[in-house]
Amino acid sequence: MTTQSGRVDRQTVAGIFHQTFGKAPDIVARGPGRVNLIGEHTDYNDGFVLPMAIDRAIWIALRPRRDRWVMVHFNDTKQYGEFHLDALRNTGEGSIEYVKGVAWALQEEGFFLRGWEGVVVGDVPVGAGLSSSAALEVVTARVFAAVSHCSWDPVKMALLSQRAENRWVGVQCGIMDQLISACGRADHALLIDCRSLEFQHVPLPPTVRVVILDTGTRRGLVDSAYNERRAACEHTAERFRVKALRDISLDEFERRAVEMDETTRKRVRHVISENDRTLRAAEALRQGDVTTFGRLMVESHVSLRDDFEVSSPALDAMVEIALSQPGCLGARMTGAGFGGCAVALVEAETAETFAQNVAEQYRQKTKHEPAVYISRASDGADIVA
Ligand code: GLA
């Protein structure tokens with residue numbers, strides 16, 4: 001059950017808990033999805049990213065148990081999963097593995113966890129590149145911290161959620177998604193230094209809207225292409241005898257570009273130039289210079305399309321259509337790529353018309369069914385009273 005508009009809020013989740021358990025939940029927690037405004041495929045190169053937490057989230061309503069059993073009803077998929085905290089085994093059973101993975105990472109870190117039973121409900125579209133998995137991991141961490149009376153350190157919990165994804169689920173993602181889900185702030189984007197994990201909240205001017213443009217396409221090969229890009233970046237860093245591509249300056253890159261084959265040259269150029277664009281974009285945002293910000297988004301898309309080669313015909317079509325609309329300041333693919341979503345920065349007063357026109361023109365041009373979300377930046381994961 002979701003609300004009429006497909007949106008989920010505290011009342012929806014508490015209502016589903018009530019239907020399942022016959023009483024009100026003791027605790028309700030929320031972990032947001034994210035959209036990345038700029039800084040793509042830079043996090044695992046120790047670089048810079050500028051995402052925001054969105055107003056779509058994974059919610060958990062629960063009651064603590066006296067024992068160490070965890071019992072979870074996934075409302076959207078009608079799945080049920082349970083496990084005992086003394087006997088964690090990866091059985092590859094779908095969403096429950098994210099919950100187990102987080103329990104495993106927290107216990108490995110030395111936290112003593114208590115059991116709980118509850119329902120999971122969400123309105124982050126799955127597989128669209130809006131980090132529904134990270135949202136589930138982070139809200140799970142939030143829940144375990146609450147029932148087990150552990151202190152909530154968002155950065156530490158983001159790292160443990162990433163550990164769950166890397167080592168339990170087996171996806172080699174960077175830190176961006178979990179960190180923004182844990183540390184987001186309403187009406188702000190978050191500039192993250194993915195090496196030091198220092199971050200700064202950068203206000204989003206009220207005159208603009210962030211519009212998420214889901215191409216309606218999903219690519220099965222994302223994981224292998226992602227791992228391949230990541231390995232290529234790490235290999236090049238080793239050859240340059242640096243810790244990560246973040247440590248190669250634009251000058252040094254240009255001087256040594258001849259040593260690299262064409263593909264490597266393009267991959268490295270993307271990462272180095274994207275780091276630079278991200279820092280400039282954050283500065284532009286701070287100054288309220290949304291025109292420069294939009295231009296940098298477009299440059300980012302071109303670099304992802306031509307140099308890093310992770311875009312797709314559907315993403316390119318979406319970005320092109322977005323950029324041809326009045327009031328559009330910039331647009332680019334967002335997330336890992338190959339399908340999923342683009343993101344656009346749009347003058348606030350044109351946002352509704354923009355959303356309608358882009359959807360219609362995209363549908364006509366590609367025959368895919370798009371989804372468009374005019375989004376607000378939201379707070380990071382928390383207990384919702
Ligand atoms: C996925 C990963 C992130 C990041 C992006 C690309 O979303 O989970 O860590 O690498 O791709 O920027």
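**Around the ligand and through the sheets**

A polar side-chain atom of R34 sits 2.9 Å from one of the ligand's oxygen atoms, a polar contact being a pair of N or O atoms within 3.5 Å (within protein, one must be able to donate a hydrogen and the other to accept it, and residues adjacent in sequence count only if both atoms are side-chain atoms). This comes from a predicted model, in which local features need pLDDT of at least 70 and side-chain atom pairs count only at pLDDT 80 or more, while totals for chains, interfaces and linings use all residues. Residues are numbered from 1 along each chain as its sequence is written, and side-chain values use heavy atoms, with hydrogens and water left out.

A polar backbone atom of H41 is 2.7 Å from a ligand oxygen, and D43 brings a polar side-chain atom to 2.5 Å from an oxygen atom of the ligand. On its own the ligand has 310 Å² of accessible area, and the protein covers 92% of that (areas by the Shrake-Rupley method with a 1.4 Å probe; for residues, only the protein chains shown count as cover). The residues around the ligand, including E40, Y44, C173, Y226 and G335, are those with a heavy atom within 4 Å of it.

Next comes strand β1, residues 27–38; helices (H or I, at least four residues) and strands (E, at least two) are DSSP runs, numbered from the N terminus. Ten bridges tie β1 to the antiparallel strand β2, residues 48–64, where two strands pair if DSSP finds at least two bridges between them. V35 stands opposite M52 of β2. Strand β12 (residues 382–383) also runs antiparallel to β1, joined by two bridges, and A29 has I383 as its bridge partner there.

M52 turns up again beside H188: leaving aside neighbours within four places in sequence, H188 is in contact with M52, H201, V202, P203, L204 and A377, contact meaning heavy atoms within 4.5 Å. H188 lies in strand β6, residues 188–193, and counts as buried because its relative accessibility is 18%. A polar atom of its side chain lies 2.8 Å from the backbone oxygen of A186.

Elsewhere, four strands make an open antiparallel sheet in the order β9-β10-β8-β11. The edge strands are β9 (328–333) and β11 (371–375), each with a single partner strand, so one side of each has no neighbour in the sheet. On average, neighbouring strands here are turned by 20° against each other, direction ignored; axes are lines fitted to C-alpha atoms, for helices over the stretch in contact, and angles run from 0 to 180 degrees between N-to-C directions. Five bridges hold β9 to the antiparallel β10, residues 341–347, with A331 partnered by A344.

Two helices pack here. Helix α10 (residues 313–323) lies across β8 (208–214), β9 and β10, running at about 175° to β9. Helix α11 (residues 351–366) touches β8, β9, β10 and β11, and its direction makes about 165° with that of β11. Among the buried residues of α10 are L315, M318 and I321, and the buried residues of this helix pack against β8, α9 (290–306), β9, β10 and α11.

Definitions and conventions. Buried means under 20% relative accessible area, exposed over 50%, partly exposed in between (1.4 Å probe, protein chains only).
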